[in-house]
Amino acid sequence: MTIHQATSGGDADVKSGSVSGGGSSFASHVSSLLERAEYRRCDKGEDLEDIYRLRYKSYRLSDMVSENPDHIIHDDLDDAENCYKFGIYIDGHLVSTLRIHHACRETPASPSTTVYGDILRPQLAAGANFVDPSRFAADPDWSRVYPQIPYLTLRLAGMACFYFDAPYCLSTIRPEHAGFYRRIYKSEQIGELRDYPGLNYRVVLYRADVNSIRERSFQRFPFFKSTPMEQRLMFGRQPMGELAPLTILPTAKYFREAA
């Protein structure tokens, strides 16, 4: 399966093809690419500027956003305390990026709660919590060679759900891409068509039940697996005085080697 373009809501433009079980050649190709990959949590410096520029490069290619003189995509949600911004690197080259918010009663800010606050904020106030991936962007030059890149990127969303014990993962997506989310994540639509600030199209809101699809997803896509240590390195807050790791290596291979 080839995913060609990602949107602000973690959306993906899925063309043709299908994904079979965990032993498929597709899964093997993703796992092989994962061996060459590393993740970086980008909070400041050149890495952060690089992912803002990658967003712009990717989104302008399909006219998702309007031109701006700075050639970057950044908004206030990037600076929220519950925001985690990542760069995904292959052989040391930045190939994709993803932003994740963990929305809960104490920190409700996220892209989906901004657009669908009337639906989601009452649930947050009642104690619910969500993982909300967004600003998924891939370098078009690398994506043409490695169509597996979006899967390496989206495994971060599952890790966030497990780390934060969030039962649902949200997706603000184009209606024409909903079929992918229904097939892969068994997502259901919970919000109608609305405008999304800064995008040149409208979105709908989908929600995936993480616990109900966990084992099925691991069987079909074993590269989605991760250890608690990897999850903690991705999303944990460093104790005062300790430096965050510069890079984080994926741990899915350890499950494969133990099998």
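Trainee: In what sense do strand β7 and β9 pair, and over how many bridges?

Mentor: Strand β7, residues 168-173, pairs with β9 in the antiparallel sense over six bridges. Two strands count as paired if DSSP finds at least two bridges between them. Strands here are DSSP runs of E with at least two residues, helices are runs of H or I with at least four residues, and both are numbered from the N terminus. Before we go on: this is a predicted model, where local features need pLDDT of at least 70, side-chain atom pairs count only at pLDDT 80 or more, and totals for chains, interfaces and linings use all residues. Residues are numbered from 1 along each chain as its sequence is written, and side-chain values use heavy atoms, with hydrogens and water left out.

Trainee: Good. What is the bridge partner of Tyr168 in β9?

Mentor: Asp209 is the partner of Tyr168 there. Strand β6 covers residues 130-138 and pairs with β7 in the parallel sense, over two bridges.

Trainee: And the whole sheet, what's the strand order?

Mentor: It's an open sheet of seven strands, running β3-β4-β5-β6-β7-β9-β8, with mixed pairing. The edges are β3 (37-41) and β8; each has a single partner strand, so one side of each has no neighbour in the sheet. On average, neighbouring strands are turned by 25 degrees against each other, direction ignored.

Trainee: Which strands does helix α9 lie across?

Mentor: Helix α9, residues 228-235, lies across β3, β4 (83-90) and β5 (93-103), and runs at about 40 degrees to β3. For such angles, axes are lines fitted to C-alpha atoms, for helices over the stretch in contact, and the angle runs from 0 to 180 degrees between N-to-C directions.

Trainee: Back to β9. Why is it largely enclosed by the rest of the structure?

Mentor: Because six of the eight residues of β9 (residues 202-209) are buried. Buried means under 20% relative accessible area, exposed is over 50%, and partly exposed is in between, using a 1.4 Å probe and protein chains only.

Trainee: How do β8 and β9 pair?

Mentor: In the antiparallel sense, over five bridges. Their hairpin has six residues between the strands, and Gly198 takes a positive phi near 90 degrees in it. Asp195 has Arg202 as its bridge partner in β9.

Trainee: What else do Arg202 and Asp195 form, and how far apart are the closest N and O atoms?

Mentor: They form a salt bridge, with those atoms 3.2 Å apart. That term needs a side-chain nitrogen of Lys or Arg within 4 Å of a carboxyl oxygen of Asp or Glu. Arg202 is partly exposed at 40% relative accessibility, while Asp195 is exposed at 55%.

Trainee: What about Arg194, buried or exposed?

Mentor: Buried, at 17% relative accessibility. Arg194 is in strand β8, residues 188-195. The Arg194 side chain makes a polar contact of 2.9 Å with the side chain of Asp118. A polar contact is a pair of N or O atoms within 3.5 Å; within protein, one must be able to donate a hydrogen and the other to accept it, and residues adjacent in sequence count only if both atoms are side-chain atoms.

Trainee: Which residues is Arg194 in contact with, leaving aside neighbours within four places in sequence?

Mentor: Val115, Tyr116, Asp118, Ile119, Arg202 and Val203. Contact means heavy atoms within 4.5 Å.

Trainee: How many salt bridges does the structure hold?

Mentor: There are 20. One of the pairs is Arg41 with Asp43, at 3.9 Å, N to O. Arg41 is buried with a relative accessible area of 18%, and Asp43 is partly exposed with 45%. Glu176 and Arg174 meet in a salt bridge too, at 3.9 Å, N to O. Here Glu176 is exposed at 56% relative accessibility, and Arg174 is buried at 18%.

Trainee: Which residues are linked in a network of salt bridges?

Mentor: Arg55, Asp75, Asp78, Arg99 and Arg135 are linked that way.
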